[in-house]
Amino acid sequence: MAKAERDGFYLSLGAGENQLPLIRAARDQGLKIIGVDRNLGAVGLKLCDLKIEESILNYRKIYYKISSLVEPSQIAGGYAASYGEALASFAFLCERLSIIGLSRTLMETVLDKLQVRKRLLGLEHSNFAQPNFLEISQSMHREEIEQLGFPLIAKTRRGASKKHIYRLENWLEVKNFLSRRNLEALGVKGHEFIFEQFIEGDEIIVTGFAQNFHYQLLSVHDRIAATRPPYIDLEHRFPSRYAHLAASIQQIHEQICMRLQLSDTPIVSEWKVVADRIYLVELSAQIPGEHVADFMIPKGLRYDYFANLVRLTLGEKIEPVSEKHLHPVRVRYWAENPGWGEWQEETRKASFARVINANPPKTITSNLDRYGVAGFLD
């Protein structure tokens, strides 16, 4: 789309490094930008026409401040290039500003892994499956837990970045895990967890857009994870060895969009593959992280993810994906500090490389604890 001056503003909830691609894409389409961030030094605010200093979670204050700057009708669209509670905050603003986005009620459902599992029970497709799961409650019995089989996975119903994911090997470990002392040490309450059957298989990540309740598949790539909890991401590889499942994946996500009533939103989902049957691990109505949207998709598919996200959130037709320009791409992560010399050598041929956490902890508890990341064109 050629750059042209447009009427209206585009709202970016957050204006840090992760929001830069979205801000730039909206500016390239001729939109004026309203950036919201609690840090007035946020790098993205330099590109914004209007700046609001506020936590992106304080949606009522944000709405009040926006209303004092411009007429709400001047907001053409927007998005929160983030995850978790930021998406819930943006859903409130979508309703108050009458812009495209999921409702608060629907976003609350999608953010809850248990509710997603319940809504997708009985979805009819021969290649679709879910791990058996169990809601944590005071009334549950040992027999119910043991029916899931061991090992089993415990994870929070609302969570991201692979935080609070645990593997339990037997009933004694379950009992100790649910003890008051352990839960207090974790800082999480028992009812905030869900138990799931552990599925052994290869992993894939699927990205796409839902528009007018129809799903458009963008990419399928392989996820290489650590072998121990919390199963942090170590590498992403495109194209996937399971690219032949694309037709089934498209059909499954089409049904998911109808079941969950997802429309006009990005979707990213994680799956395990067992004999070409795919088991849903997680599904989110958000931009894919891990440099998938800003590196893997544009380099591997020659598809501008963020330009089309802007179109989606403005109510304009998104572009189809062309399969004529597939290029192998990898994004690799280092959990530990390899040392400066080795880091320089290993990333010498990378398209980009950056340090995430210069002093990673000895015990990795989430993706945020990893040392660094680099992207490669193979």
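A crossing is called left-handed if the near helix is turned anticlockwise from the far one by less than a right angle, and right-handed if clockwise. I wrote that down before looking at any helix pairs.

**Ground rules.** I'm working on a predicted model, where local features need pLDDT of at least 70, side-chain atom pairs count only at pLDDT 80 or more, and totals for chains, interfaces and linings use all residues. Residues are numbered from 1 along each chain as its sequence is written, and side-chain values use heavy atoms, with hydrogens and water left out. Helices are DSSP runs (H or I, at least four residues), numbered from the N terminus.

**α2 and α3.** I looked up how α2 (residues 59–69) passes α3: their axes (lines fitted to C-alpha atoms over the stretch in contact, with angles from 0 to 180 degrees between N-to-C directions) come within 9 Å and cross at roughly 40°. That makes α2 oblique to α3. For the labels, under 35 degrees is roughly parallel, over 145 roughly antiparallel, 65 to 115 roughly perpendicular, and the rest oblique. The crossing is right-handed. In contact (heavy atoms within 4.5 Å) I found Y59, R60, I62, Y63 and I66 of α2 with S89, F92, L93, R96 and L97 of α3. I sorted them into seven nonpolar, one polar and two charged residues. Here Ala, Val, Leu, Ile, Met, Phe, Trp, Tyr, Cys and Pro are nonpolar, Asp, Glu, Lys and Arg charged, and the others, Gly among them, polar.

**α3 and α4.** Next I took α3 (residues 85–97) with α4 (residues 104–111), whose axes come within 8 Å and cross at roughly 165°. So α3 is roughly antiparallel to α4. This crossing is right-handed too. L87, A88, A91, F92 and E95 in α3 meet R104, M107, E108 and L111 in α4. That contact has six nonpolar, no polar and three charged residues.

**α11.** How many residues of α11 (305–314) are buried (under 20% relative accessible area; exposed is over 50%, partly exposed in between; 1.4 Å probe, protein chains only)? I got 10 of 10, and R311 is one of them. At the helix start, a side-chain oxygen of D304 comes within 3.4 Å of the backbone nitrogen of F306. Just after α11, G315 has a positive phi of about 85°.

**S179.** Last, I checked S179, in the loop between α7 (171–177) and α8 (180–186). S179 counts as partly exposed because its relative accessibility is 28%. Its side chain reaches the backbone oxygen of N176 at 2.7 Å.

Technical notes. Helices (H or I, at least four residues) and strands (E, at least two) are DSSP runs, numbered from the N terminus. A polar contact is a pair of N or O atoms within 3.5 Å; within protein, one must be able to donate a hydrogen and the other to accept it, and residues adjacent in sequence count only if both atoms are side-chain atoms.
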